[in-house]
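Here is a briefing for a first look at this structure. Keep the sequence and the 3D view side by side.

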Amino acid sequence: MKCYIGIDLGGTNVRVAKVTQDGEVLAQVKGPSYGTEGPAKVMANIKALVHQIPDWQEASGIGVGVPGPVEAKSGTMALSTNLTGFAGYPVAQELSEEFGMPAYLDNDANVAGLAEALVGAGKGLNTVFYVTISTGIGGVLVVNGKTVSGMHGFGGEVANIIIDRNRDKINNLNIGAIENEASGTAITRKGRDAFGADAIQHAGQVFDLAEKGDEKAKEIVATMEDDLGRFFSIISCVCDPEMFIIGGGMTKSADKFLPGVIEAFRKYSHTAVHDTPFVIAGLEEPGVVGAAMVPLSHEA
């Protein structure tokens, strides 16, 4: 059975694994990424970690998942907020030359979605849309086992989709951008505005208060559900996926908001798509497994 090297590269940590085409992790090493110390140190560290993988030479290719938009054709990052100096850096080319096999780069949300589409909840389906709801909100459309990144690498960068122009200006995103209204960061911010900074450390506490009947918390959650329902209805108009897969840290509280999201989705979407299933991502290692799936997707 074929296997691949997956590299999950973040601003703080990096994981490297050898993974089969069915998504089984055969070996894995991890450590600090040195993301603020420049490409030379980061790349030297990655190469050293790959060499620690037993029989890495058996792999048929290398895939790397990174935070931020990627120019997939050139194997470079378009922006590198969390990895100093990596915008335009030839990551894929350098790894390919070092290890003598094809190497590819993609966005971390894209690779997680690819993993779920190929070997996770969406296995066997032709069209899957994956959304991660965590500190921020990201997404990817996977069609026939390939991520759709678009000409500039911004395909699936859904954080800036506007769901209501009558909101407050928060940051550089659009007013009413879904990330500023329904991400974990957004719910925490709204919770602190309602209950005080000392009372709310994370979004889960807002869901707990809503479950206990607190009216202010219930309003925050209800607004989030409505916003996400509108958001998913917009996506359905563009690509009408066979399944929505939801990942990210907020899924820990999915039982407290997902039924309301589905109800709102059906309110805003066309009746033809009302039966679209919403499924929680199930893979334990979507980042590194998904990175390993990138070279597999290029073989198809």
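Contact means heavy atoms within 4.5 Å. Helices (H or I, at least four residues) and strands (E, at least two) are DSSP runs, numbered from the N terminus. This is a predicted model, in which local features need pLDDT of at least 70 and side-chain atom pairs count only at pLDDT 80 or more, while totals for chains, interfaces and linings use all residues. Residues are numbered from 1 along each chain as its sequence is written, and side-chain values use heavy atoms, with hydrogens and water left out.

**Helix packing**

- Two packed helices are described by the angle between their axes and the distance between the axes.
- Axes are lines fitted to C-alpha atoms, for helices over the stretch in contact, and angles run from 0 to 180 degrees between N-to-C directions.
- Angles under 35 degrees count as roughly parallel, over 145 as roughly antiparallel, 65 to 115 as roughly perpendicular and the rest as oblique.
- Helix H3 covers residues 108-119 and helix H9 covers residues 286-299. Their axes lie 7 Å apart, at an angle of about 75°. H3 and H9 are therefore roughly perpendicular to each other.
- On the H3 side, the residues that meet H9 are Val111, Ala112, Leu114, Ala115, Leu118 and Val119. Their partners in H9 include Pro286, Val289, Met293 and Leu296.
- The axes of H7 and H8 come within 7 Å and cross at roughly 50°. That makes H7 oblique to H8.
- H7 passes H8 in a right-handed crossing. A crossing is left-handed if the near helix is turned anticlockwise from the far one by less than a right angle, and right-handed if clockwise.
- The H7 residues in this contact include Val221, Leu228, Arg230 and Phe232. Those of H8 include Phe257, Val261, Phe265 and Tyr268.

**Aromatic pairs**

- Rings of Phe, Tyr and Trp (its six-membered ring) pair if their centres lie within 6.5 Å; planes under 30 degrees apart count as stacked, over 60 as edge-to-face and the rest as tilted.
- The structure holds 10 aromatic pairs. In one of them, the rings of Phe232 and Phe244 have centres 4.9 Å apart and planes at 70°, so the pair is edge-to-face.
- Phe232 lies in helix H7 (residues 215-239) and Phe244 in strand E11 (residues 243-247), so this pair ties together parts that are 12 residues apart in sequence.
- Buried means under 20% relative accessible area, exposed over 50%, partly exposed in between (1.4 Å probe, protein chains only).
- Phe232 is buried, at 1% relative accessible area. Phe244 is buried too, at 0%.
- Phe244 also pairs edge-to-face with Phe265: 5.9 Å centre to centre, 80° between the planes. This pair links distant parts of the chain, since Phe244 is in strand E11 and Phe265 in helix H8 (residues 254-268), 21 residues apart. Both Phe244 and Phe265 are buried.
- One aromatic cluster is formed by Phe129, Phe231, Phe232, Phe244, Phe265 and Phe278.

**Charges over rings**

- A charge sits over a ring if NZ of Lys or CZ of Arg is within 6 Å of the ring centre and within 35 degrees of the ring normal.
- The charged end of Arg230 sits over the ring of Tyr268, 4.2 Å from its centre.
- Lys41 places its charged end over the ring of Tyr34, 4.4 Å from the ring centre.

**Positive phi in loops**

- Most residues other than glycine have a negative phi, and most peptide bonds are trans.
- Tyr34 has a positive phi, near 60°. Tyr34 lies in the loop between strand E3 (25-32) and helix H1 (39-52). At 30% relative accessibility, Tyr34 is partly exposed.
- Asp55 has a positive phi of about 55°. Asp55 lies in the loop between H1 and strand E4 (62-66). Its relative accessible area is 46%, so Asp55 is partly exposed.

**Two residues up close**

- Gly113 is in helix H3. Gly113 is buried, at 0% relative accessibility.
- Not counting residues up to four places away in sequence, Gly113 touches Tyr130, Val140 and Val142. Gly113 and Val140 are 27 residues apart in sequence and 6.2 Å apart in space, C-alpha to C-alpha.
- Phe195 is in helix H5 (residues 184-195). Phe195 is partly exposed, at 22% relative accessibility.
- Leaving aside neighbours within four places in sequence, Phe195 is in contact with Ile200, Leu209, Asp214, Lys216 and Ala217.
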